[in-house]
Amino acid sequence: MEKTKTVGKSGACGAMLEEDPDQTYENVLAEIQSFELPIEATLRSVYDDQPNAHKKFMEKLDACIRNHDKEIEKMCNFHHQGFVDAITELLKVRTDAEKLKVQVTDTNRKFQDAGKEVIVQTEDIIRCRIQQRNITTVVEKLQLCLPVLEMYSKLKEQMSAKRYYSALKTMEQLENVYFPRVSQYRFCQLMIENLPKLREDIKEISMSDLKDFLESIRKHSDKIGETAMKQAQQQKTFSVALQKQNRVQFGKNMHFNGRIPEERNEVELKRAFEEEDENEEEVLTVQDLVDFSPVYRCLHIYSVLGDEETFENYYRKQRKKQARLVLQPQSNMHETVDGYRRYFTQIVGFFVVEDHILHVTQGLVTRAYTDELWNMALSKIIAVLRAHSSYCTDPDLVLELKNLIVLFADTLQGYGFPVNRLFDLLFEIRDQYNETLLKKWAGVFRDIFEEDNYSPIPIVNEEEYKVVISKFPFQDPDLEKQSFPKKFPMSQSVPHIYIQVKEFIYASLKFSESLHRSSTEIDDMLRKSTNLLLTRTLSSCLLNLIRKPHIGLTELVQIIINTTHLEQACRYLEDFITNITNISQETVHTTRLYGLSTFKGKVAQTACMSACQHLSTSLMQMLLDSELKQISMGAVQQFNLDVIQCELFASSEPVPGFQGDTLQLAFIDLRQLLDLFMVWDWSTYLADYGQPASKYLRVNPNTALTLLEKMKDTSKKNNIFAQFRKNDRDKQKLIETVVKQLRSLVNGMSQHT
């Protein structure tokens, strides 16, 4: 039913009731019958609008109900016969329905009985199908898990066999390929959780192997270095022999028109080849001495683990620590050459290993790292060698040290390390070597001078003459014409000195070898060191010799003759050096030998000064001689005249080179003593005694007292009438007075002392 348009709010219904109450009730009833809910507003409008609305509405409602009842009754009367017929039909069907129910129940029972076995068999089939499906599933899962288990078993085998790099690769396959397939299973989770522990175990084991490797190369560094240095020495020996052979071959071709070289040279070269072949069989490489596999494995393992930087840092840190230990020398290293050799072999072994690591691994060490390490080591090495070599006083030890440094430098240079600073150090050590040589030869020269008799060399026959000539280049036509026996002008020390100078040149040359210097530089070094030997060492030995008390004028004359011949022999020494270095003396920068020219002036001055000092001492001793009991004033005056003659000789510059009155100072003690007695200036002497500006500063009171007492005794015994002459009496009293004062002065000095 459609909703009537009169349905609305209570206000609207109230308006409708006021206009037409009957129509309004009709509308309300229609609205109620329409079953539209809610109807509260409609009913409220009926009760609220008019006072009797409820009653009227109930009347209308009763009338409406009666109408509906009438309609229902009509409808029931119309359909009653049909209902009766339907009931009748149902009663007829009831019997048949009961029969059907019995049949259906019986049939159901039979079906139930017949289907029990089928149900059992069906359940068995279902169960078998489930089992079959489960088995298939298990097989599929096992087929999926078996490769994982096999790979994990393989991993365990690799760990047991210490194939850690392969084990890490297997772990990667498990994680990337196999574990994702079975990640839902518990055993897989256990395996996944176990892999980090296995990796840590591998890292620890690898690090342990690396530590063992580092300890091994530390122990074998000296053996590795010894092998490397031996190889470098053999290569150098072979190269030198080949160069000599080439030079000999070239010289022979130039001088003998292509003739075959002498058999001796061929034998030397053949021997060099044979030694090279023998050494090649014996020489071991660094790989033969050290197993590098631990460092390779460790590097690969850390690379796979993505922790390569940690490994590199650890390796470099540990190697730097080892480098510091290797570079630390023993305190007594300078005492023997073996100490230096062990030091060098350990360092060479260290850097040979680093060079090998540099070339066989990628990134573990770099060229910049090795260069930095080498520069640090080189500074330490130079400081150590400079300090320890300064203690070496044996030139043979210094020479062996030089050879070791050269071999050390050549060995490391062969591995690409710069060694120029080592050769610069060798020039410093060369100066020290020359100093040790000079000290050694100073002792040699002293021994020669001690054994010399300072007499011309006597010869009685031609054989003796040739022996001397073979030792010393002496040329004198007049001496050659003389018959035997005859004498050389120099003494026996001259040929011995000459031979020793040549030996010094040979010794100095030994250090210059293998320094990679030109012949001109070597020639210059030899000449400079020889000059030092002649002008410093030999001159010093000669000066010390002529100052010895047992050297008289005869010996001084012979020393001057010897010096002259040694100076003349310098040109032969220059030729000797030229033959060694093949550098002509006419070369602009060639150093000349100074010889002993400066010394021969010095020896004459020393001889002259020694003679004057000897004469002055002898004259003083003559005055103070205990055998001389008395001396007169006239004798003193005559003695003064003799001293004046000596002073005139000293002032005449008998030998050039004395400065001022240096030679006259030899007689200064005599001069002041004689002046005191000649002037008789005792008051001044006694008053100024001990003063720096005293006129008679060099007159000793004891000396003056001794001489004065001898003069006093003479005055007493001159004649018996001397006491009656007033002048003589006064002089005697003055002498006695001065003697007393001098004795008091001497006694005071003794007490003070």
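Student: How much of the accessible surface of the chain belongs to carbon and sulfur atoms?
Tutor: Accessible areas come from the Shrake-Rupley method with a 1.4 Å probe, and for residues only the protein chains shown count as cover. The accessible surface of the chain comes to about 44,900 Å². The share of carbon and sulfur atoms is 53%.

Student: What should I know about the model itself?
Tutor: This is a predicted model: local features need pLDDT of at least 70, side-chain atom pairs count only at pLDDT 80 or more, and totals for chains, interfaces and linings use all residues. Residues are numbered from 1 along each chain as its sequence is written, and side-chain values use heavy atoms, with hydrogens and water left out.

Student: What percentage of the chain is buried?
Tutor: Buried means under 20% relative accessible area, exposed over 50%, and partly exposed in between (1.4 Å probe, protein chains only). The chain has 753 residues. Buried residues make up 38%.

Student: How many helices and strands does the chain have?
Tutor: Both are DSSP runs numbered from the N terminus: helices are H or I with at least four residues, strands are E with at least two. The count is 26 helices and 2 strands.

Student: Is Ser508 buried or exposed?
Tutor: Ser508 lies in helix H17, residues 493-512. Contact means heavy atoms within 4.5 Å. Leaving aside neighbours within four places in sequence, Ser508 is in contact with Tyr433, Asn434, Leu437, Leu526 and Ser529. Its relative accessibility is 4%, so Ser508 counts as buried.

Student: How far apart are the end C-alpha atoms of helix H13?
Tutor: The expected span of a helix is 1.5 Å times one less than its number of residues. H13 covers residues 395-414, which is 20 residues, so it should span 28 Å. The model agrees: the end C-alpha atoms are apart by 28 Å.

Student: How many residues of H13 are buried?
Tutor: H13 is mostly covered. Of its 20 residues, the buried ones number 15.

Student: Which residue follows H13 with a positive phi?
Tutor: Its phi is near 90°. The residue is Gly416.

Student: Which residues of H23 are buried?
Tutor: H23 covers residues 668-679. Just after H23, Trp680 takes a positive phi of about 60°. The buried residues of H23 are Leu670, Arg671, Gln672, Leu673, Leu674, Leu676 and Phe677.

Student: Why does Val84 count as partly exposed?
Tutor: Val84 lies in helix H4, residues 53-160. It counts as partly exposed because its relative accessibility is 32%.
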